[in-house]
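My entries follow in the order in which I made them.

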Amino acid sequence: MRTTINIEEEILDTCKDLADQQGLSLGDAVGLLIRRGLAYRSPCRERNGFVVFEASPGRQTFGLEEVKKAMAEEDADYTASFFKPKK
């Protein structure tokens, strides 16, 4: 289907580069990028009223205990910034 659209110059340049690299027509490159964008799914979901992010397989995860430890360390560093060593 033939149509006319207005796109930013930078986006057009990117589409042209992709078309050249992949050996595609400009229209096919634009279509490929649009399909990729439409297929993209955010790695987050809602759980118990909170938005949570899904970790990629094989990635290190953390839980409540790790969060508590990090917050305690941050609190200790912040508190220490108010005290000057006695001479």
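**Second largest pocket.** I began with the residues that line the second largest pocket: Met1, Arg2, Thr3, Thr4, Ile5, Ile7, Leu12, Leu26, Gly27, Val30 and Ile34. The term pocket stands for an open set of points, on a 1 Å grid over the protein atoms alone, with protein on both sides within 12 Å along at least five of seven lines; a cavity is a set where a 1.4 Å probe fits but cannot get out, and lining residues have an atom within 4 Å of a point. I noted a volume of about 290 Å³ for the second largest pocket. A volume is the space filled by probe spheres set on the grid points, which are joined across faces, edges and corners. Helix H2 (residues 26–39) gives the largest share of this lining, 4 residues. Helices (H or I, at least four residues) and strands (E, at least two) are DSSP runs numbered from the N terminus. By class I recorded 7 nonpolar, 3 polar and 1 charged residues in the lining of the second largest pocket. Here Ala, Val, Leu, Ile, Met, Phe, Trp, Tyr, Cys and Pro count as nonpolar, Asp, Glu, Lys and Arg as charged, and the others, Gly among them, as polar.

**Basis of the model.** I am working from a predicted model, in which local features need pLDDT of at least 70 and side-chain atom pairs count only at pLDDT 80 or more, while totals for chains, interfaces and linings use all residues. Residues are numbered from 1 along each chain as its sequence is written, and side-chain values use heavy atoms, with hydrogens and water left out. The mean pLDDT (the predictor's confidence in each residue, from 0 to 100) is 87 for the chain, and 95% of the residues score at least 70.

**Largest pocket.** I then turned to the largest pocket, which holds about 360 Å³ of space. Strand E1 (44–47) and strand E2 (50–53) are the elements that give two or more residues to its lining. E2 provides the largest share, 3 residues. The lining includes Arg45, Arg47, Phe53 and Phe62. It comprises 5 nonpolar, 2 polar and 3 charged residues.

**Fold.** I counted 3 helices and 2 strands, in the order α-α-β-β-α along the sequence. The radius of gyration of the chain is 25 Å, whereas a compact globule of 87 residues would have one near 12 Å. This radius is taken over C-alpha atoms, and the globule rule is 2.2 Å times the number of residues to the power 0.38. The C-alpha trace spans about 75 × 40 × 25 Å along its principal axes. Buried residues make up 6% of the chain.

**Single residues.** Is Cys15 buried or exposed? Cys15 counts as buried because its relative accessibility is 5% (buried is under 20% relative accessible area, exposed over 50%, partly exposed in between, with a 1.4 Å probe and protein chains only). Cys44, at 29%, is partly exposed. I found 0 disulfides, a disulfide being a pair of cysteine sulfur atoms within 2.5 Å. Asn48 lies in the loop between E1 and E2. Asn48 is not a glycine, yet has a positive phi of about 55 degrees; at 71% relative accessible area, Asn48 is exposed. Finally, I looked up Glu73 in helix H3 (residues 64–80), which is partly exposed at 44%. The C-alpha atoms of Glu73 and Ala29 are 50 Å apart.
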